[in-house]
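The entries follow in the order in which I looked.

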Amino acid sequence: MSLPAGDPYADIPWDDAPPPDDQWAPPEDGWMPPPDAAAPYGAPAPGPSLPEHRDFVGADPRAVLHEVYGYDEFRGTQAAIVEHVISGGDAVVLMPTGGGKSVCYQVPALVRPGTGLVISPLIALMHDQVDALVANGVRAAYLNSTQLPGERAAVERAYLAGELDLLYVAPERLNTEPMRRFLEKGTLSVIAIDEAHCVSQWGHDFRPDYLGLGDLAERFPGVPRLALTATATPATHREITERLQLPRAEHFVSSFDRPNIQYRIEAKTDPRRQLVGFIKSQPAGAAGIVYALSRKSVEQTAEYLRGQGVDALPYHAGLDASVRAANQSRFLRDDGVVMVATIAFGMGIDKPDVRFVAHIDLPKSVEGYYQETGRAGRDGDPAVAWMAYGLGDVVQQRRMIDQSPGDRSYKIRLGQHLDAMLGLCETVGCRRQNLLDYFGEPSQPCGNCDTCLEAPDTWDGLVPAQKLLSTIVRLQRERNQSFGAGHLIDILRGASTDRIRQQSHDTLSTYGLGADLSDQDWRSVIRQLLARGILVARGEYGTLALGEPAGGVLRGETAVPLRRDIIGRAGGTPRVRKVSASEAVAEGDRDLFEALREWRASVARELGVPAYIVFGDATLRALAEHRPASLGDLDGITGIGAKKREAYGEAVLEVVAAG
Ligand code: ADP
Ligand code: ZN
């Protein structure tokens, strides 16, 4: 037995992780357009409840932004993208989560004649986006398998009649010939391919159906196409451009930095306790996501958190669909829910006010980590990405790669992904710099990550590393034995266990030589040696062997500077850099802000939509600060367009007047 003792995750089978495509829209076989769009299936169709038509064709994009969304200015590259697409150009848009990708295709869809087609891989995402658009008075609808035939037919009719500003579909549906013929009968204004990195075969979200989207160029000539993603290494970027046939596209690459997210990674000792400590250090009522690798760990952690008074819910692919839907809806709608989930959760979750994302298991790649942590703080307010990471993670991941069914090159690639992830965990430099560097973006130390806030100590690990390596060598040479971390640490620390006595390992010359370091210290040493490949973990039990660079260490030629672990600093100094959108509510405005939040919650409950569909926090803050007294005053409040002014204006003014 070789798994580190005391690791509560040691017993969890790895193959229990759910397929990542859990939430993808199901394939939609056999779908056909209605034979007669005017009277489909003979039944009176419950139409999509579309807002009244407002004509923006040919309008000034900034006026549209103001009128529809209530925003004063385009952000970053938005203006350039919108202008380029309106004039008919293709675009590849790389923008981090929360950067504002939707506006980039929605505004052109409104300004150009016809319907904007949006290809979106997730049903949940489609529903969210359509809800948000309709709330802003945009005529948006989707076609997917959750609809009754009559509902679908009504959407189709609306499209053919030119009554839709935006239409959302899943890629598998778009790849059917009947669907394409159907679309040709109407007019498309733009084609937006969201989550475009799904076309990358080597990426972590590959969806074969995306490969079929390349020929949209020939099928709909003259319709500008945009590919958008928040995940983009230079390699993925190239793949998107090639496979989606966008040779003439203009490329808009934003900085991938998410300055409002604070990154923290600490050594795992007692993950659940550490997690609770972290959550309790966050402001009360903060919504968060906790990612774990296995279903079992998800359930146990959620239960543990509930026992500690945290409003936590589980989410994984093995739960009943109705339970999943109910938990997701509570997370979206109620304040302060913590979702404990496998990676099956979160893709396409637009909730803007997730305040933290915590990982209690090591993600398999930096891409995955960045995407998952990116779900925090979409609204630009301060948020934290926290992770506990330990020796067990490294051993398990290496073993998993070893045992994976893929060919050699596949395993090498997995190994590279893991190495990059370990590099991030073990860096003594700025985490953000490390992350951005991975995405090909040079930057300076950020001042808003754990290593910047408190520079980690390093210490000279050469001698302990030599003791450990020579123990491994001796066991191998003298007795033809190999062991995992736990037993090796016992030998080095001079423990007197049954196994040591039975194997007479107390006669080894290194027995007891490492008693100066604690069990925890040794784990840290081994973890860091594994991360650098000086040690390798083998086989089912993760027995340790010497890696390539070990020779240099044994000869004393290779320095071994090690990072001193910091545990449980979560409650420490959350010095968060202020960003413009995130000025906290001023003391004097807080009561009004709370009153507005209550009002928002009641409206959201009544309408059965998430609170942020009604208004975002930034809008409530602006209301609390500016205290508008008339409908005219609402014009300058961010996030209140014409439709929302009409729908909620009076009610909001009442709350403000009363506050
Ligand atoms: P992405 O799809 O890139 O993650 P979204 O399109 O969901 O980002 O936008 C993120 C947030 O930023 C949303 O709350 C959105 O309403 C807001 N937003 C987008 N563009 C602007 C803008 N120009 N001004 C103010 N807020 C904006
Ligand atoms: Zn930093």
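I began with Phe615 and Tyr648 and found both of them buried, where buried means under 20% relative accessible area, exposed over 50% and partly exposed in between, with a 1.4 Å probe and protein chains only.

Entry on the source. I noted that this is a predicted model, in which local features need pLDDT of at least 70 and side-chain atom pairs count only at pLDDT 80 or more, while totals for chains, interfaces and linings use all residues. Residues are numbered from 1 along each chain as its sequence is written, chains are lettered from A and ligands numbered from 1 in the order in which they are written, and side-chain values use heavy atoms, with hydrogens and water left out.

Entry on the other aromatic pairs. I counted rings of Phe, Tyr and Trp (its six-membered ring) as a pair if their centres lie within 6.5 Å, calling planes under 30 degrees apart stacked, over 60 edge-to-face and the rest tilted. Phe278 is buried at a relative accessible area of 0%, and Phe356 is buried at 1%.

I then went back to Phe615 and Tyr648, whose ring centres are 5.6 Å apart with planes at 70 degrees, so that this pair is edge-to-face. Phe615 sits in the loop between helix 25 (611-614) and helix 26 (617-626) and Tyr648 in helix 27 (residues 642-658), so the pair ties together parts 33 residues apart in sequence. I also recorded a cluster in which ring pairs link Phe256, Tyr370, Tyr438 and Phe439.

Entry on ligand 1. Which residues come nearest to ligand 1? Of the 14 residues around the ligand, I found these to be Tyr71, Glu73, Gly98, Lys101 and Ser102, a residue being near if one of its heavy atoms lies within 4 Å. Oxygen atoms of ligand 1 lie 2.2 Å from a side-chain N or O atom of Tyr71, 2.6 Å from one of Ser102 and 3.0 Å from one of Arg378. Helix 3 (residues 101-111) gives the most to the shell, with three residues.

Entry on Asp361. I located Asp361 in the loop between strand 12 and helix 14 (366-373), and Asp361 is buried with a relative accessible area of 7%.

Entry on Leu475. Leu475 is part of helix 19 (residues 462-479) and counts as buried at 1% relative accessibility. From Leu475 to Leu508 I noted 8.3 Å in space, C-alpha to C-alpha, with the two residues 33 apart in sequence.

Conventions: Polar contact = N/O pair within 3.5 Å; in protein donor to acceptor, adjacent residues only side chain to side chain. Helix = DSSP H or I, 4+ residues; strand = E, 2+ residues; numbered from the N terminus.
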